[in-house]
Every structure is written in structure tokens, then in C-alpha cells.
Amino acid sequence: MKWDVMQKKLTILSDAAKYDVSCSSSGSRRENKAGGIGNGAYGGICHTWSADGRCVSLLKILMTNYCIYDCAYCVNRRSHETERAMLSPEEIAELTVEFYRRNYIEGLFLSSGVYRSPDETTELLIRTAKTLREEKNFNGYIHMKGIPGTDPRLIRELGKYVDRMSVNIELPSSAGLKLLAPQKTKENILLPMREIRSGIAERKENRKASRKAPAFVPAGQTTQLIIGATPDSDRTILRLSEALYKQVELKRVYYSAYVPAMTGPNLPALTQPPLLREHRLYQADWLLRYYQFSADEILTDAEPDFDLHLDPKACWALRHPEIFPVEINKASYHMLLRVPGIGVTSARRICAARRSAWLSYDTLRRLGIVLKRAKYFITCRGRFYGESDRPDYIRSRLLDAEQAGRYEPMDLFAGVNS
Amino acid sequence: MIYVYDGSFFGYLSAVFDAWHDGLQHTEDICCDGAGDLFGRQQYVPADGVKAKRILDGLQAQCGGKTCHFLYYAFLAEQPQREMKLLQYIRQAFRLKGEFLHHLSEPAVWEVRQWARKTGNERHKLLGLARFQELKGGMLYCPLAPTCCVVPVMAPHFVKRLGSEEWVIHDRRRRIGVYYDRREAVLVDIPKVLQRVDVSEQEEEFAALWKQYYRTIAIADRRNDPLRRQFMPKKYWPYIIEVRDGENSR
């Protein structure tokens, strides 16, 4: 291997891939084979954290940053003058295995600019995946991009080798696409997405007949949305996510605060990426996936955007004073999940612990409930421990707590540009 | 009576077994080799797989496998006075049997669960943060200095993952390690700690590629050191090659 050339290529191609936020390695139980290397860890494993605090679990690079498209927000667009590079399937495979042996990474996340044509790009991705699986006997995690506009048959082929696939929507509305990514259309994004979905569904059917049915994208598919490059409201975005979860059965939707790396006539003039808005979207996304909320409950027509000062769950609770306080010893699991300060883990613990004892207020603290938030919404053995249950009072107390806490909103911006 | 054991988990369980046999009202303390005082009535209990297995099988049959899991992990957390607190935990478990695991509101049970969590969390974190170096001859070497004794419970993960490699995970604080020779993993003592390791030719090059990758992947506009430290505590940094040399700690 020519080390200095490799060093340079790696720098260019990882720099170009860093704005893609997804980097999870969960969802696959792929097993190692005799004489092979690697396996999937179902819960995912983070291997390091970069200086911006994001977890790194996969070697996230582009195969190439040559691109025939000209999307306004993208650093790799055709009209942008930047250094270009390309890695061969063999180079990528060797790098992945050597990094993996040293436990730097959990696997490979390969994305790419559109090189010559979507089909040609996908064929190269397939060759890379095949080299890793068949020649290197690599059984670790592989995540690859579905390139919009690819022939569905090629998507099927790629799916046989990888653990996860993602097709990025990037812009949450057709109008946004037309403005900023004129060569992409809603159809050529949704087509590969649907193909992956039906592939996964068929595999599930086949698995019923035989446990040995070949794998197809076992960790499911994901997508990414850019926040703040278009004027779409939070409600539009959240409803889109909900639809993606329900209709295309996505595993996850990632949100990426738009970092103004490029300038252009159609792009908004942002000085800083909307990190707090991104944070609220993730909180709401969790409410959709784990807390049994629907998008219409979280954001209403009257308030289509997030309250940046308070998290979406607390906002929902304050809008519904008629429900609270709930009795901790009686409330259903579903109801416990809706109490601010109680998460999935603590709700489960409450349900387990109250089978053997009538819970007291002190026990709650030990079970991991955040009482400084929860106390305004619960009673314990019939007693209310907050000072008042008036929504405006609770709101001001919650805001105080948030200011005093480690996660005060401005904290997210601390250190930016310093 | 003070029971003295060799510091291993099976040794501890053997001491518990003997203490139980003699009647727990006579048990003053169970302690690790060398920690006992000179004046008490002492009895040394050698580690005995049969006695340990009796206790573990009993716990598993009566209270479920999770009870054993928590016990082992809590032991590995090496908390002060773990011996008597864990004894209390075992007594409680045999008394309450099937419903034992629901008794979260009892402080003793809860504390043991917290210890087990500590070990489990550190194990999980180090499964990601452990870094192997390739030595001359191709063996992979990974030095660590974990707070809890997690190396024995980390090994099975790497046996599955790096099944066709020869490797060592070295706990430099406890001077123990797990050595895997492509067939089975064994716990070994490593009394002498080498200051320098002889790495293979391409090792430095791959490490340099990885460090370069690590530097470029960060988005400068979003730099957030407190957040990074929260996930990747400084105590691990000396063994993590991409941050070890401090070039990213500014």
C-alpha cells in the first residue's frame, strides 16, 4: 500500500462524508464464520467520539467524491471546485479489515458521489461489498447507500451483502428538492426505498419457511433529512418521519442541522447550524418510536414548530393539565411513559418494583426517575410533591431546572467557533 | 470467624459456602488474602469449583440466571466491603426465591444492582474503546487499565469476533490478561509489564491513517469537548491511540 497516497485519499473522502450523521452499527446479529473475521453486535458498539462529540462506530467514507449531480447544499456538487479522489473496492476492503482487526471500528459505512451514472456507482459498491464478504471473509457490519435513480435489480443485489442500507431524502419536501437538488426527484428517491422494503419483507417470509434463507439488509433501512436548508416547518418534518416509519418501515430517520458549508443564491444565509432545533427533532423522534406518541400530538396546527426552550414531552404534558397528576402506583405503563422525567427504563423499573411493594417517594429517586421534572406530574401514595400544579408555574420551574442543569440550551452552542 | 479467600470469584463463593455451612451467625467477615487482621480467628478457604457451583446452581434454579449475572458483575466492580454486602444479597435471594428480582426498593439489592451496572457499562464502553496493536509476528495486543475487573467478561466478545487471530488483552492495573491462541482463551497473570512493545512494520502506518481519519471526521463548527469527554472519559485516553498523544485535546 502506498501510504502517503492512501493518507491523502482517506482525508479527502472522509472529509466529504462527515456531514452524513448516521453512524450506528446496531440491528444486525450476523455471525462470524470459520476462518473469518467479525460479527454483528445487535445493540451496536461505539468505538470513539470525535471532537464534536459524535459517536464513531463505522469507517464512514465516500467511495468517490466525483459527482455528476449539482445539489446546492452539497460540498461534492459538480460545480464546486474541490480536490477529488476515488478508492478502489480492494483498497476499501483492505482498509476496513485492518481497521477492524485493531478494533477501531465496527464495520464500514460506504457512501458515494454519483460517479458517471447511478447504476455504475452501485455496481462499484456491490463489488466492494462482495470483496469484503467473499474474499476477505468479513462478517462485520456494512452499511451502504442506495443511490437515487439506481435500477431496482442492482439494489436487490447490493442488499444481499450489506446489513443496512439508506437512501437519503435530504430535503423534506418536493419544493425543496426542486430548488436545491434539481436532478433528484421524489420518485427516484422513493423507488429504491420501496425496493429495499419489499426485499426485507420477502426475506421475512422466506425465513418462516427456512431459518437458512439468505440475509437481506437485516438491520433495516434508514434515511437522513437536512434541517434548516429549506423553510419547512418542524411539523412537516415530523409528519414525514412518522409516515416513513409507518409506511416504509424505516428503522431510523436521522436529522442533520444544516451546516452552511456552501453558499448559493437558493440557500439560506445561516450563521450557525440550527443545533437546538435538530436536538428537539431527535427528542420528538424518540417520542414517536419509543413513547407511543403520534406526530399530531407532539406538534399541532396552532404550534407547528418546537418550543426551543422546553422539550417536546414537557410541552405536551403542559398542554394537557387535565390528565395530570397521575398516581405512580396505579398508572399504566403507557401513561407512565408520558410523564416528563420518566423514560422507558424507569417506567419498566416502576412496573417491576411495584409488583412487590407499594412505592414510596424515596424509592422513586432510587429507581432513576428525574424527580425535579416528574414531581409536578405525579402523586405517590396519593400525595402530590410539587408545589403547585398550575401549568404556568410548572413551566417556569422546569425552565429554571433546565437552566441550572448540564443540558441548558445554550450549552449546545458553547465551544462552537471558539 | 473470618474467612479468607484468594480474591477470585470462585474463591469467594467457596468462602460463602463454608460460612453458610458453619452457620452465618459466626461469620464476622470474609476478606481477600492479605487484608485480614492478625487477631481475629481466621480460616483460609481455597477456591473450590464444586462449592462455587453448588451456590451458583442453587441461585440459578431458585432465583433465575439474572441473579447470578448480577452477582458476578457486582463482584467484579471491586467495591469496598463487597464480600459482606454480596453475602447479604445471596441470603436475601435464597430467602425470597422467584420474586427476588422485583425487590428493587430494598437498598441492599439495589446497591448490588448498581455495582453490576457499573461493571456492565464499563465492559460495554471498553468493547468499543479497546485498541489492538499488531506485534511483530502478527499477534494482536491490547493494553487497558479498567476501573472494574472487566477483562475476563470482555474476552468472549473478542473470541467470537477475532476467532482466527492470536491476541492478548492486558489489564495493566491488575497485572492479569486474557490470552487467546486461536482455540481457547485463558486467564493469565502478567507480572512484568513491558514499557515498550515491539509493533509490526505496518502498525504505525495504519495507526497514522486512523488518526488522520479521526481528525477529519470532526465537524469544526460543531466542536463540543464536554460532550466528547462525557462519552469518552479522560481516564481511558492513555490507551486510545487517536487521542493519546493529545493532538486533539486542545
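A salt bridge is a side-chain nitrogen of Lys or Arg within 4 Å of a carboxyl oxygen of Asp or Glu. Keep that rule in mind for this predicted model. By this rule the count over all chains comes to 49 salt bridges.

**Salt bridges**

Side chains of opposite charge can pair when their charged atoms come close. Two such pairs are listed here.

| Pair | Closest N to O distance |
|---|---|
| Glu83(A) and Lys8(A) | 3.1 Å |

Start with the pair inside chain A. Glu83(A) forms a salt bridge with Lys8(A). This pair links distant parts of the chain, 75 residues apart. Glu83(A) sits in the loop between β3 (59-62) and α2 (89-101) of chain A, while Lys8(A) belongs to helix α1 (residues 3-15) of chain A.

Between chain B and chain A, the count is 6 salt bridges.

The size of an interface is often given as the accessible area lost when the parts come together. Here the area buried between chain B and chain A is about 5400 Å². Carbon and sulfur atoms give 57% of that area. In chain B, the residues that lose the most area to chain A are Arg161(B), Phe206(B) and Arg222(B). Together they make up 16% of what that side buries.

How many residues take part? In chain B, 54 residues are in contact with 64 residues of chain A. There are also 27 residue pairs in polar contact between the two chains, counting pairs with both residues at pLDDT 80 or more.

Five helices of chain B give two or more residues each to the side that touches chain A: α5 (107-129), α6 (151-161), α7 (203-217), α8 (225-231) and α9 (241-244). The largest share, 12 residues, comes from α7(B). By class, this side of chain B has 24 nonpolar, 14 polar and 16 charged residues.

**A helix pair in chain B**

Helix α3 (residues 65-76) and helix α4 (residues 82-96) of chain B pack at an angle of about 175°. Their axes are 11 Å apart. Angles over 145 degrees count as roughly antiparallel, so α3(B) is roughly antiparallel to α4(B).

Which residues meet? From α3(B) come Thr67(B), Phe70(B), Leu71(B), Ala74(B) and Phe75(B). From α4(B) come Arg82(B), Leu86(B), Tyr89(B), Ile90(B) and Ala93(B). By class, this contact has 8 nonpolar, 1 polar and 1 charged residues.

**Backbone exceptions in chain A**

Most residues other than glycine have a negative phi, and most peptide bonds are trans. Asn103(A) has a positive phi, near 65°. This residue is found in the loop between α2 and β4 (107-111) of chain A. The peptide bond from Phe324(A) to Pro325(A) is cis, with omega near -5°. Pro325(A) lies in the loop between α10 (312-319) and β9 (326-327) of chain A.

Terms used: Residues are numbered from 1 along each chain as its sequence is written. Chains are lettered from A and ligands numbered from 1 in the order in which they are written. This is a predicted model: local features need pLDDT of at least 70, side-chain atom pairs count only at pLDDT 80 or more; totals for chains, interfaces and linings use all residues. Side-chain values use heavy atoms; hydrogens and water are left out. Axes are lines fitted to C-alpha atoms, for helices over the stretch in contact, and angles run from 0 to 180 degrees between N-to-C directions. Helices (H or I, at least four residues) and strands (E, at least two) are DSSP runs, numbered from the N terminus. Angles under 35 degrees count as roughly parallel, over 145 as roughly antiparallel, 65 to 115 as roughly perpendicular and the rest as oblique. Contact means heavy atoms within 4.5 Å. Ala, Val, Leu, Ile, Met, Phe, Trp, Tyr, Cys and Pro count as nonpolar, Asp, Glu, Lys and Arg as charged, and the others, Gly among them, as polar. Buried area is the accessible area (1.4 Å probe) that two parts lose on being put together, summed over both. A polar contact is a pair of N or O atoms within 3.5 Å; within protein, one must be able to donate a hydrogen and the other to accept it, and residues adjacent in sequence count only if both atoms are side-chain atoms.
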